[in-house]
Amino acid sequence: MMKTSLYVYLSTALACSFTCCSFRPSAEHQGRNSYDFNLGWKFRLGDFSGASEMDYQDGDWRVLNVPHDWSIEGKYDSIHPAGRAGGFLPTGTGWYRKYFDWIPAWKNKKVIVEFDGVYCNSTVWINGEELGHRPNGYISFSYDLTPYLRMGKNVLAVRVDHSKAPSGRWYTGSGIYRNVRITSTEKVYVPEGGLFIRTPGVDEKSAIVTADLEIMNETHKIDNAYVSYNISDPGGRQYVDRSTIVTLAPGKNQIKTTLDLPNPRLWSPDNPNLYLMTVKITSKGKTWDEYGSTFGVRTLDFSAEHGFLLNGVKTILKGVCNHHDGGPVGAAVPVDVLHRRLKILKDMGCNAIRTSHNPFAPEFYAMCDSMGFLVMNEAFDGWKKEKAVYDYGLYFEEWWKKDLEAFIKRDRNHPSVIIWSIGNEVKGYTNAMQQKLVDFVRDLDDTRPITQGRGYHGPAIDLAGFNGHGEYKNRLKQFHEKNPTKPIVGTEITHSLQTRGIYRTKTQYRRRDYPAPWEKGKPFSGIADRIFLVEDLTEEELFEDIDPLYHSSYDNSIVRMNISDYWRETKDLPYFIGAFRWTGFDYLGESFAWPARTMSFGVIDLAGFPTDSYYLYQSIWSDKPMVHVLPHWTHPGKEGVEIPVVVYTNCTSAELFLNGKSLGEKPMTDELRIIWKVPYTSGALKVVAKTGGKIMATKTYRTAGDPYAVDINMDKHMLSANQKDVVHAEIAIVDQHGEMVPDAGNHVNFEIKGPGRLIGVENGDILDLSPNKVNYRKAFNGKCLAIVQATEVAGEFTLKATSEGLKGGEIKIRVKPAEKGTAIVGEKTF
């Protein structure tokens, strides 16, 4: 067993096979083997005639590991064709080549290569033979290598054509940016997505578990084959062990089985209990395949009368929309980076994520299963009509069925996936086309409701999906009056903007004060009476001379409604099942204009640092006692000026102290914030949150002095030498007492000695155009981030962070040898 819950089911999701899951980490597998194929690729940016051929001379090509995103390695520049949509990063065409040796274990086997995602327009060759082409950059796909493999050396070549941009409305990345595997099976096997597990009947004593199994037989007719089903938990305890005798005809075989699981442990965000179903196919003592998938036992019930019931319990979706990039690492997101991001959301009280607006990597869903997130799984952004000049709309008619089938089959066993979304703000969609997609999905999975972002006028979807238009006053209520039986979900509610460490006391509205490109020239008066106006905190602006592309963290920089109004307006509507705010994390691209890399919609910035709005959500979404106060308490030159001090808490009251003197205790109300006007004087500002008179949480800010030192805080102190593990180094500029200097912008240099490599730097400043793959970064409002990845060498590395005139920081990280058992093919570990 692997040691942390994060990884318990990760390998199952990656390989979708029993042989790679952590339940039985044996090197001896029966019928099926999966090999990590990520290490030791050759890469070159550009287009090269003949690069698909086996004897092509690639000696001067760069050697790297995938996942790899070449766009994030480039410089930000307004001349790049992806423009503001792609965060002003480069695109282009690139080639990958990988050499590997045939191994005896593949004799008489079927051997396939599996790609979890290549962006975009990929073409794959094996030994000069073209295997296929895939336009969609987000979907998983595979090719059969068997007819073309040679004993001895083989070469796989991949051409990635991202020369036409923008190909999306946000940052997409470029390259083989997700995992690659080689899987070998016997000629009788379960194909990808060939096991569909459902739990149609659940009570406290038992769960009915159905398994729809597809078996491909590429041999002769097989009589008296045994198909055995085993259900176990992460500890290896078996609950079901049953066999059936079947005849396997050549070609495709469909087998349906019903099993009884006693005393099921239900899956939910608070208790994400998982099971593993293993299917074993044998005949005459030969094991043909052993295939497995994790699943969860849970019930879903959606209605306009009672909202959403999970396992019979009323549940509100407290969700965020996220794009697939990981900030400074671009689209090639290491597992540890993804885990950090999900943990930050979990700590906020978030229980749901919408995959905006495309399929995510398989490991994302495995983590959501094991960490306890509810997922709205979205297949497409648009359909036939392009929303970016060169997006998937160019290929939709030809590819949508194949891609949608692969998507549904890949993800339908994940208990975290509770809703399918077939599109987002689809241009020119018709009811007939919506019905066509809905019917197609239902044929593959009839256990989950289907929605469409801003597709609420279409009758075919089960849940009416509202984006920003749902933020207008009474819009949701008006729709419900006309459609009283249809539940509503906020596919994008709400939109607010915030920049970490930035404050304005006068409310700003996007259309009036910083219009999006599509809003320019439209009068604010056209929406002023339909949106939720926010009262100014002061008559005159206290914090001036702030760049207009930065946004206030007082929850007063809005599009149509702020966070507090979203919760007050929707939490008690029985027909509204919850919402996904736009967004959880800041994401690259979809900028309004150069030089901003994005717009600050995330409540967590590009470096993964929470803004003050994060804590507002935590106060309304989380049950764990908490308190947060804003702004910071370092405001030189404002002595005696009354500063609005805002407190967020999920406790019943809060008391504020300045330099030990109480400024009064106030109750928390439906305003969801408590405000004091405090004349500024330096010192310590402390808030104490109480429930029933008992102190539950405290928070203190102290006035910071001048920058004195660079402080490093690591999220772990040991890695494995597997070329995959990463550590996040959060850097703070502090004064001589260790207090972070909240407006510090010092330039920080990074140096690594030993077996570690820097893979990304970031500070959350959307106007900082420094590259992400360099060894320096300036602090932004006191902080920046460095991400370091292990190499293949065990030992210890040292990370130094220095800044001119400041005391430097230094920290050591141990790197233990990688665990044995990794499959080896030829010269290299895949």
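Reader: How many residues of strand 6 (residues 122-126) are buried?

Author: Five of the five are buried, so strand 6 is largely enclosed by the rest of the structure. Buried means under 20% relative accessible area, exposed over 50%, and partly exposed in between (1.4 Å probe, protein chains only). Strands (E, at least two residues) and helices (H or I, at least four) are DSSP runs numbered from the N terminus. The model is predicted: local features need pLDDT of at least 70, side-chain atom pairs count only at pLDDT 80 or more, and totals for chains, interfaces and linings use all residues. Residues are numbered from 1 along each chain as its sequence is written, and side-chain values use heavy atoms, without hydrogens and water.

Reader: Which residues of strand 6 lie on each side?

Author: Ser-122, Val-124 and Ile-126 lie on one side. Thr-123 and Trp-125 lie on the other. Both faces are covered.

Reader: Which strands pair with strand 6?

Author: Strands of a sheet pair through backbone hydrogen bonds, either parallel or antiparallel. Here, two strands count as paired if DSSP finds at least two bridges between them. Strand 7 (residues 129-134) pairs with strand 6 in the antiparallel sense, over five bridges. Thr-123 has His-133 as its bridge partner there. Strand 9 (residues 153-162) is also antiparallel to strand 6, again with five bridges.

Reader: What joins strand 6 to strand 7 in the hairpin?

Author: Two residues sit between the strands. Asn-127, in this hairpin, takes a positive phi near 50°.

Reader: Where does Lys-42 find its partners?

Author: Look at strand 2 (residues 41-45), which pairs with strand 3 (residues 62-64) over three antiparallel bridges. Lys-42 stands opposite Val-63 in strand 3. Strand 2 also runs antiparallel to strand 4 (residues 92-101), with four bridges. Arg-97 is the bridge partner of Lys-42 in strand 4.

Reader: Is Gly-285 buried or exposed?

Author: Gly-285 counts as exposed, because its relative accessibility is 81%. Find it in the loop between strand 17 (275-283) and strand 18 (286-295).

Reader: Which strands make up the closed barrel?

Author: Eight strands do, in the order 22-23-24-25-26-27-28-31, with parallel pairing. The twist averages 25° from one strand to the next. Angles run from 0 to 180 degrees between N-to-C directions, and axes are lines fitted to C-alpha atoms, for helices over the stretch in contact. Strand 28 (residues 488-490) meets strand 31 (residues 576-582) over two parallel bridges. Ile-488 has Phe-576 as its bridge partner.

Reader: Which strands does helix 5 (residues 431-444) lie across?

Author: Helix 5 lies across strand 25 (417-424) and strand 26 (450-453). Its direction is at about 150° to strand 25.

Reader: How do I read two packed helices?

Author: Two packed helices are described by the angle between their axes and the distance between the axes. Take helix 2 (residues 335-348) and helix 9 (residues 612-621): their axes come within 8 Å and cross at roughly 55°. That makes helix 2 oblique to helix 9. Under 35 degrees would be roughly parallel, over 145 roughly antiparallel, and 65 to 115 roughly perpendicular; the rest is oblique.

Reader: Which residues meet there?

Author: Ile-344, Asp-347 and Met-348 of helix 2 meet Tyr-614, Tyr-617, Gln-618 and Trp-621 of helix 9. Contact means heavy atoms within 4.5 Å. By class, five of the residues are nonpolar, one is polar and one is charged. Ala, Val, Leu, Ile, Met, Phe, Trp, Tyr, Cys and Pro count as nonpolar; Asp, Glu, Lys and Arg as charged; the others, Gly among them, as polar.

Reader: What else do the buried residues of helix 2 pack against?

Author: Besides helix 9, they pack against elements including helix 3 (362-371), strand 22 (317-322) and strand 41 (726-734). Among the buried residues of helix 2 are Val-337, Leu-338, Arg-340 and Arg-341. Just after helix 2, Gly-349 takes a positive phi of about 100°.

Reader: Which strands stand at the edges of the open sheet?

Author: The sheet has five strands in the order 40-47-46-42-44, with mixed pairing. Strand 40 (718-720) and strand 44 (776-778) stand at the edges, each with a single partner strand, so one side of each is left without a neighbour in the sheet. Strand 40 runs parallel to strand 47 (residues 809-816), joined by three bridges. Ser-720 pairs there with Lys-816.
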